[in-house]
Amino acid sequence: MSSQQRVLSGIQPTGESMQLGNYLGAVQNWVAMQDGYDAYYCVVDLHAITLDPPEPEALRQRTRIVAAQLLAAGLDPDRCALFVQSHLPEHPQLSWVLECLTGFGEAGRMTQFKDKSARSGADRQGVGLFTYPILQAADILLYQADLVPIGEDQRQHLELTRNLAQRFNARYGQTFVVPEAYIPKAAAKILDLQDPSAKMSKSRPEAGTVYLADDPAVITRKIKRAVTDTDNEIRFDPDAKPGLSNLIAIYAAVTGSDVETVVKNFAGQGYGQLKAAVAEAVVAFAQPFAARTRELLDDPAELDRILARGAERARRMAGPTVTDAYAKVGFLPARVG
């Protein structure tokens, strides 16, 4: 048993490529955490069918793509467990128990369900949208995670996870570690290139989001068309100059520099020169990533082997957790033979 703190995080297979903001804001930190923590990283394909389920073959392909991209980003199957959520039936098995401990009003207060319901009506939403934060809690509690890397917008879901762990422990005895949020101070917050009031996201319009698999010409065009301001003074001021500050943050992140150094190096230059340099740096950053991703996808048998190995490691944690929880709830154990 590892003496390191255990960390768990997941990513949905929602598209054909990871976007730059997700990599710099989350995945880069996952890579760094492999050495100091007992790390479990999951491609959460069960969550991917919560809203607008993709076609089956598209979901399978996207799952392989995001797994390949995580490996290309630097996740090492010798230093972490990388696995696919649906490969472990323990996830929905524990989720059902936790659903039975969750109040209807408690689940209804979760932000995404409230927002979607307000826009298009609760009767048009699937039950999966209502219960997915509880499946997310199961994802975390299965692995007795001490820490969960999250953004500020995920605090509500982690608080539900903590409440359910404490509720189960109080009713049935100590079973689950109550996880803490891990919000790295150094994580880059990358904003939409066309609307720097919002985070860069796959749900945003294409023009404001840089995908790591984008063609270099596409990356360059998007960055050169990024919204800035009119005074042409290069300084880092997220409130007064959010678009420019976003470009500075991107350049600092992909070059391993710091914001102060970037501002100093570009002092006296125009926005056009900065945008050209940012585009060049992002292309140089993305091309090896894209090449490694293609290499992994060209050998699906090896990729599947890596994921099977990760699932086996994950099962060594998830299986005993479900067995213990089921026994404490009072389910009759299955007997073989």
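Student: Let's start with helix 1 and helix 9: is their crossing left-handed or right-handed?
Tutor: Keep in mind that this is a predicted model. Look at how helix 1 passes helix 9: the crossing is left-handed.

Student: And which word describes how helix 1 and helix 9 lie to each other, oblique or roughly parallel?
Tutor: Helix 1 covers residues 20–33 and helix 9 covers residues 242–255, and their axes are 11 Å apart. The angle between them is about 55°. Angles under 35 degrees would count as roughly parallel, and 65 to 115 as roughly perpendicular. So helix 1 and helix 9 are oblique.

Student: How many charged residues are there in the contact of helix 1 with helix 9?
Tutor: From helix 1 you have L20, L24 and Q28, and they meet I250, A253 and V254 in helix 9. Sorted by class, that contact has 5 nonpolar residues, 1 polar and no charged.

Student: Now helix 3 and helix 6. What is the angle at which they pack?
Tutor: Helix 3 is made of residues 90–99, and helix 6 of residues 127–141. Their axes are 8 Å apart, and the packing angle is about 120°. That makes helix 3 oblique to helix 6. As for the value you asked for, it's about 120°.

Student: How many nonpolar residues are in the contact of helix 3 with helix 6?
Tutor: Helix 3 passes helix 6 in a right-handed crossing. Helix 3 brings H91, P92, L94, S95, L98 and E99, while helix 6 brings T131, I134, L135, A137, A138, D139 and L141. Of these, 3 are polar and 2 are charged, and the nonpolar ones number 8.

Student: Is P133 buried or exposed?
Tutor: P133 sits in helix 6. Leaving out residues up to four places away in sequence, P133 touches M110, H157 and L160. Its relative accessible area is 1%, and the cut-off is under 20%, so P133 is buried.

Student: Let's turn to charges. How many salt bridges are there in the whole structure?
Tutor: Here's the idea: side chains of opposite charge can pair when their charged atoms come close. One such network links D229, D231, E233, R235, D237 and K241. Searching the whole structure gives a total of 23 salt bridges.

Student: How many residues apart are D304 and R64?
Tutor: The side chains of D304 and R64 form a salt bridge, at 2.6 Å from N to O. D304 belongs to helix 12 (residues 300–329) and R64 to helix 2 (residues 56–73), so the pair links distant parts of the chain, 240 residues apart.

Student: What about R305 and E302: what is the separation between them in helical turns?
Tutor: R305 and E302 also form a salt bridge, with the closest N and O atoms 2.8 Å apart. R305 is partly exposed at 42% relative accessibility, and E302 is partly exposed at 28%. Because they're 3 residues apart in helix 12, their separation is about one helical turn.

Student: Last one: D214 forms a salt bridge with K222. Does K222 count as buried or exposed?
Tutor: In this pair the closest N and O atoms are 3.0 Å apart. D214 has 16% relative accessibility and counts as buried. With K222 the figure is 7%, so K222 counts as buried.

How values were computed
Residues are numbered from 1 along each chain as its sequence is written. This is a predicted model: local features need pLDDT of at least 70, side-chain atom pairs count only at pLDDT 80 or more; totals for chains, interfaces and linings use all residues. Side-chain values use heavy atoms; hydrogens and water are left out. Axes are lines fitted to C-alpha atoms, for helices over the stretch in contact, and angles run from 0 to 180 degrees between N-to-C directions. Helices (H or I, at least four residues) and strands (E, at least two) are DSSP runs, numbered from the N terminus. Angles under 35 degrees count as roughly parallel, over 145 as roughly antiparallel, 65 to 115 as roughly perpendicular and the rest as oblique. A crossing is left-handed if the near helix is turned anticlockwise from the far one by less than a right angle, and right-handed if clockwise. Contact means heavy atoms within 4.5 Å. Ala, Val, Leu, Ile, Met, Phe, Trp, Tyr, Cys and Pro count as nonpolar, Asp, Glu, Lys and Arg as charged, and the others, Gly among them, as polar. Buried means under 20% relative accessible area, exposed over 50%, partly exposed in between (1.4 Å probe, protein chains only). A salt bridge is a side-chain nitrogen of Lys or Arg within 4 Å of a carboxyl oxygen of Asp or Glu.
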